[in-house]
Structure formats: structure tokens, C-alpha cells
Amino acid sequence: MKLTIASALAVATIASGALAESGDAAAGEKVFKKCKSCHMIQDAAGENIVKGGKTGPNLYGIVGRTAGSFEGFKYGSDIVAAGEGGLVWDEETFVAYVADPKAFLREHLGDDGAKSKMTYRLKKGAEDVYAYLVSVGPAAE
């Protein structure tokens, strides 16, 4: 019985940690200035949170979104395939993707020919950017 209770507590601790972002949203807002040359953050009502480029998809509500699924954006086939295969953006996948998008997709899809339209690599601060996107995104339900 002790093992079962300890196991349940361990799982609950891991699960609760997985839901919380580990970055600093204020620091992420500063790092996001690099991202806004390609990405905007515009809420569902069309209000700009961060006015940015349209080369990349709108990042409002990216947390929990299926990869390659923002309506109206023309994604590359490999990110769409990743989303169709179940890739959903959470902190772990977001951080890994922005560090090296092409390498991430190649590993995720098991395809050495996979590529990403996103060529920029965010060397540091990805956890902070993720925390910032959580802070400006829609309220969790």
C-alpha cells in the first residue's frame, strides 16, 4: 500500500510540474523582441498584443495547440505532418523546437529529409519566451 501511495504522489508531483512553465515571463517578453520580426501575438478579437511579422504564425494561444494548425497560415508539410501525428505545443516541445526547428522535426518525424520553414534558432531564453506566451495567451480552462 505504501508503494502505491508513494507512486501516486510521485505521478501527481510530476504532472503538476509539467503543467507549470519554468521560465520567467518578464524575461521572455524581452527575448520575444527577436521573435516579433516573424511572429505576432494577436488575440481572437484581433487586438494586437505584440505587433509583429507575418512570416510565422500568430503565437497567441500556441500553448496546447496542435502543431501546424493555426487557421489561415500556410505551414510547411513537415510541421503539418508532425501535428497530424499528435505534436501539441507544450513547454518541452516548444523549447526543443525553437532551439533547432529542422533537427527537432527530423527527430520527431524520424525523417532525415524533414525541414522547417523556421530557420532561426533561439539559443537561449526559450523557457522564458514560453512563459511569456502563457502569460499573454488565453486563460487556461
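**Figure 1. Helices α2 and α4 each supply at least two residues to the lining of the largest pocket.** This is a predicted model, and this view takes us to its largest pocket, with a volume of about 570 Å³. A total of 30 residues line the pocket. Helix α4 gives the largest share of the lining, three residues. Sorted by class, the lining has 17 nonpolar, nine polar and four charged residues.

**Figure 2. Helix α4 meets helix α5 at a crossing angle of roughly 125°.** Here we zoom in on α4 (residues 91–99) and α5 (residues 101–109), whose axes come within 5 Å. The two helices are therefore oblique to each other. On the α4 side, Thr 93, Ala 96, Tyr 97, Val 98 and Ala 99 make the contact, while α5 brings Pro 101, Phe 104 and Leu 105. Seven of these residues are nonpolar and one is polar, with no charged residues.

**Figure 3. Helix α2 packs against helix α6 at an angle of about 100°.** Now have a look at α2 (residues 25–35) and α6 (residues 126–136), whose axes are 7 Å apart. Angles of 65 to 115 degrees count as roughly perpendicular, so α2 and α6 are roughly perpendicular to each other. The contact is built from Ala 25, Ala 27, Gly 28, Glu 29, Val 31 and Phe 32 of α2, together with Asp 128, Val 129, Ala 131, Tyr 132, Leu 133 and Ser 135 of α6. Among the residues of this contact, eight are nonpolar, two polar and two charged.

Methods:
Residues are numbered from 1 along each chain as its sequence is written. This is a predicted model: local features need pLDDT of at least 70, side-chain atom pairs count only at pLDDT 80 or more; totals for chains, interfaces and linings use all residues. Side-chain values use heavy atoms; hydrogens and water are left out. Axes are lines fitted to C-alpha atoms, for helices over the stretch in contact, and angles run from 0 to 180 degrees between N-to-C directions. Helices (H or I, at least four residues) and strands (E, at least two) are DSSP runs, numbered from the N terminus. Angles under 35 degrees count as roughly parallel, over 145 as roughly antiparallel, 65 to 115 as roughly perpendicular and the rest as oblique. Contact means heavy atoms within 4.5 Å. Ala, Val, Leu, Ile, Met, Phe, Trp, Tyr, Cys and Pro count as nonpolar, Asp, Glu, Lys and Arg as charged, and the others, Gly among them, as polar. On a 1 Å grid over the protein atoms alone, a cavity is a set of points where a 1.4 Å probe fits but cannot get out, and a pocket is an open set with protein on both sides within 12 Å along at least five of seven lines; lining residues have an atom within 4 Å of a point. Grid points are joined across faces, edges and corners, and a volume is the space filled by probe spheres set on the points.
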